[in-house]
Amino acid sequence: MSLNVQNKVTADIHLEITNLLNMEAYYLDNRKYKEWLELLADTITYRMPLRETVEGVGVSNIAEDSAFFEETKTSLRTRVNRLYTKSAWVENPSTRQRHFITNIYVEATADPDEYKVRSYFLFMRSRASTSDIEQMFGERHDIIRKIDNEWKICSRTIYPDQSVITTMNMSMFL
């Protein structure tokens, strides 16, 4: 990363992108999934590769050739539309969920309207009247671009810190 490119990230740009990610968390926490879809570019790639337990220092523990999910806007829209039907039994009763987004780092690219964004997430969810709380945490790598004067998430890769996912299902959006 050259310092010249890094200097293009102004405080205003950082704040706008942070606000986008906070708005996204609000939409997801409040089950405003159709509004959430509007934050995504039509060409989005949305994936979560597997994390493996490997031995050795400096060895990648991300399995780039397999993923928990690898989605497009069309497949995400299908999942969202299903949540508004009676056949979404996994969300009946609705879960109570929170997305905590921190450590947002914005890096300029050669395109002045596009930024690489890294953030940490903590996702917590409870269901019905059980005392069980599910959680997932890790890092997200996004490409965020200004399209028609609006910020859009064009790409998201989610790297969970857990190699064994303990949630009951993967119906959440991260």
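Biologist: From the N terminus on, how do the elements of the protein chain run?
Modeller: They run α-α-α-β-β-α-β-β-β-β, where helices (H or I, at least four residues) and strands (E, at least two) are DSSP runs numbered from the N terminus. That comes to 4 helices and 6 strands.

Biologist: What sort of model is this, and what does it need for local features?
Modeller: This is a predicted model, in which local features need pLDDT of at least 70 and side-chain atom pairs count only at pLDDT 80 or more, while totals for chains, interfaces and linings use all residues. Residues are numbered from 1 along each chain as its sequence is written, and side-chain values use heavy atoms, with hydrogens and water left out.

Biologist: How many residues does α2 have, and how far does it reach?
Modeller: Helix α2 (residues 11-29) has 19 residues and reaches 27 Å from first C-alpha to last. This is close to the expected 27 Å, taken as 1.5 Å times one less than the number of residues.

Biologist: Which of its residues are buried?
Modeller: Those of α2 are I13, I17, T18, L20, L21, E24, A25, Y27, L28 and D29. Buried means under 20% relative accessible area, exposed over 50%, and partly exposed in between (1.4 Å probe, protein chains only).

Biologist: And what do the buried residues of α2 pack against?
Modeller: They pack against α3 (33-37), β3 (95-108), β4 (114-127), β5 (133-147) and β6 (150-160), with contact meaning heavy atoms within 4.5 Å. Just after α2, R31 takes a positive phi of about 55°.

Biologist: Turning to α4, which residues are buried there?
Modeller: In helix α4 (residues 73-83) they are K73, L76 and V80. They fall within an arc of 65° seen down the axis, so they line one face of the helix; the arc is that of the directions from the helix axis to the C-beta atoms. On the other side, T74 and T78 are exposed.

Biologist: What covers that buried face of α4?
Modeller: The cover of its buried residues includes α3, β1 and β2 (62-71).

Biologist: How many aromatic pairs are there in the whole structure?
Modeller: A search finds 6. Rings of Phe, Tyr and Trp (its six-membered ring) pair if their centres lie within 6.5 Å; planes under 30 degrees apart count as stacked, over 60 as edge-to-face and the rest as tilted.

Biologist: Why is the pair of W36 and Y46 edge-to-face?
Modeller: Their ring centres are 6.1 Å apart and their planes stand at 75°, so the pair is edge-to-face. W36 lies in helix α3 and Y46 in strand β1 (residues 40-51), so the pair ties together parts that are 10 residues apart in sequence. Both W36 and Y46 are buried.

Biologist: Which residues do ring pairs link into a cluster?
Modeller: The cluster holds Y33, W36, Y46, F69 and F173.
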